[in-house]
Amino acid sequence: MKKVCVVTGGSSGIGLSIVKLFLAKQYQVFNLDISPSDFGEFCQCDITQVSQVSQIINDIAKQGAIDVLVSNAGIHFSGSIENTSEDELERVFNINVKGAYAAVKAVLPVMRAQKNGAIILMASDQALIAKNNSFAYNLSKAALASMAKTTALDYAQFNIRANAVCPGTIETPLYHQAIDRYCEKSGTNKAEVHAEEAALQPLGRLGQAEEVAELVYFLGSDKAKFITGSLQVIDGGYTAQ
Ligand code: NAD
């Protein structure tokens, strides 16, 4: 029987690379996303709808085990606290935090019954450090770091591991949208901004989605069986500065 991995937000960027890597490693992969994708078994799902997430995950569990959950769906929003409306704050929190709550809560009964499971929450380097003009996003990612630690403590007795992955700047559609918005607002040249962004990392470049996927795969595997409650940074040295 194939091992089963559930990924949220697996239709684009980091999530898509995760789906592809787990498929290449012979997992059965379910992708819960609002946008369709040809990779893995697509389950149309708005991660903010807790009962919908629960129903989809229960249906997946009827087929057997759920070995790995990668809670990855997320959005970015730029703004200081004053420039973040109540609606915008709620939107970021609903997707980034409540969405993770929904997915984690739904897989836990299945993993408890199995006495086995690995949960990976896609946080950010912004879970560890703040970046300017990023109030709601910083807050949401710090919350995910906390969720990984609490889940690790509460469920270690069931042999369920929970870890957060904290990527620095990774070149995905989300990154390009953020840069495009910034260039549009500030009237700056995209190539210049891109080069400046790359130079911010001690390694002198941006990260790639495939590199994050490799770390996620490792954390989901038995090779990481003593790793739980950790925040795993993958940022080209950015937060070491
Ligand atoms: P992306 O925009 O390329 O992909 C995000 C995916 O989430 C998309 O497929 C989108 O359809 C899905 N999604 C959005 N809202 C959803 C909802 N309500 N329900 C279900 N699916 C939904 O973004 P990415 O750069 O690949 O980011 C993936 C994760 O990694 C996010 O949590 C992001 O915060 C995190 N992250 C990204 C970077 C980066 O630099 N790109 C850095 C650190 C952390």
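Q: Which backbone atom does the side chain of serine 221 reach, and what makes this a polar contact?
A: In this predicted model, the side chain of serine 221 reaches the backbone oxygen of phenylalanine 218 at 2.8 Å, and a polar contact is a pair of N or O atoms within 3.5 Å, where within protein one must be able to donate a hydrogen and the other to accept it, and residues adjacent in sequence count only if both atoms are side-chain atoms. The 2.8 Å of serine 221 therefore falls within the 3.5 Å limit. Because the model is predicted, local features need pLDDT of at least 70 and side-chain atom pairs count only at pLDDT 80 or more, while totals for chains, interfaces and linings use all residues. Residues are numbered from 1 along each chain as its sequence is written, and side-chain values use heavy atoms, with hydrogens and water left out.

Q: Why is serine 221 called buried?
A: Serine 221 has a relative accessible area of 10%, and buried means under 20%, exposed over 50% and partly exposed in between (1.4 Å probe, protein chains only), so serine 221 counts as buried. Serine 221 lies in the loop between helix 7 (209-220) and strand 7 (231-234), where helices (H or I, at least four residues) and strands (E, at least two) are DSSP runs numbered from the N terminus.

Q: How do you know whether cysteine 5 is bonded to another cysteine sulfur?
A: A disulfide is a pair of cysteine sulfur atoms within 2.5 Å, whereas the sulfur of cysteine 5 is 12 Å from the closest cysteine sulfur, that of cysteine 43, and so is too far for a bond. For cysteine 45 the closest cysteine sulfur is also in cysteine 43, at 7.7 Å, which is again too far for a bond. By this rule the count is zero disulfides. Cysteine 5, at 0% relative accessibility, counts as buried, and cysteine 45, at 3%, counts as buried too.

Q: Which residues come nearest to the ligand?
A: There are 27 residues around the ligand, and Ser12, Ile14, Asp33, Tyr137 and Thr172 come nearest, a residue being near if one of its heavy atoms lies within 4 Å. The shell holds 13 nonpolar, eleven polar and three charged residues. Helix 1 (13-24), helix 4 (135-155) and helix 5 (173-186) each supply at least two residues of this shell.

Q: Why is the ligand said to lie between domain 1 and domain 2?
A: Both domain 1 (4-169 + 208-234) and domain 2 (170-205) give residues to the shell around the ligand, so the ligand lies between them; the domain bounds come from an automatic or database domain assignment.

Q: What makes the phi of glutamine 26 worth a remark?
A: Most residues other than glycine have a negative phi. Glutamine 26 is not a glycine, although its phi is positive at about 75°, and its place is in the loop between helix 1 and strand 2 (28-33). Asparagine 133 is likewise not a glycine and has a positive phi, of about 60°, in the loop between strand 5 (117-122) and helix 4.

Q: Why is asparagine 133 called partly exposed?
A: Its relative accessible area is 44%, so asparagine 133 falls in the partly exposed class. Leucine 139, in helix 4, has 39% relative accessibility and is therefore partly exposed too.

Q: Is asparagine 163 buried or exposed, and how do you know?
A: Asparagine 163, found in strand 6 (residues 160-167), has 1% relative accessibility and so counts as buried.

Technical notes: Ala, Val, Leu, Ile, Met, Phe, Trp, Tyr, Cys and Pro count as nonpolar, Asp, Glu, Lys and Arg as charged, and the others, Gly among them, as polar.
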